[in-house]
Amino acid sequence: MIVKKNDKYAVECQVKMAAACLQTGEYCDEEEEAQEWVERECWIFSGEGWICTQCNEHIMENLGKMRHDREY
């Protein structure tokens, strides 16, 4: 999701799960620049929105714990 503030645009993190979540990417003059910024910063596109690297790491750590807990 693109957010607009003071005539600048930024991409918002879709999940906002990690304590260190950036919440939004860098504010840019145009929407396309904001999208390019998250791509350069390696945010993950989920198909519905963008997930910042901190939240992606948080999700991956929890998936690993779930898999470990299920092993017999």
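Helices (at least four residues) and strands (at least two) are DSSP runs, numbered from the N terminus. The model you are looking at is predicted.

**Positive phi angles**

- Most residues other than glycine have a negative phi.
- Asp7 is not a glycine, yet its phi is positive, near 60°.
- Asp7 counts as exposed because its relative accessibility is 58%, and exposed means over 50%.
- Cys42 also has a positive phi, near 65°, and is likewise a residue other than glycine.
- You can find Cys42 in the loop between α1 (31-40) and β3 (44-45).
- With a relative accessibility of 48%, Cys42 counts as partly exposed.

**Cysteines and disulfides**

- A disulfide is a covalent bond between the sulfur atoms of two cysteines.
- How many disulfides does the model have? The count comes to 0, where a pair of cysteine sulfur atoms has to be within 2.5 Å.
- Cys28 is in no disulfide, as the nearest cysteine sulfur belongs to Cys42 and is 16 Å away.
- Is Cys28 buried or exposed? Cys28 counts as buried, because its relative accessibility is 7% and the cut-off for buried is under 20%.
- Cys52 is in no disulfide either: its nearest cysteine sulfur, that of Cys55, is 3.7 Å away.
- Cys52 is buried too, with a relative accessible area of 0%.

Note on methods
Residues numbered from 1 in each chain as written. Predicted model: local features only at pLDDT ≥ 70, side-chain atom pairs only at ≥ 80, totals over all residues. Heavy atoms only, no water. Buried < 20%, exposed > 50% of the residue type's maximum accessible area, 1.4 Å probe, protein only.
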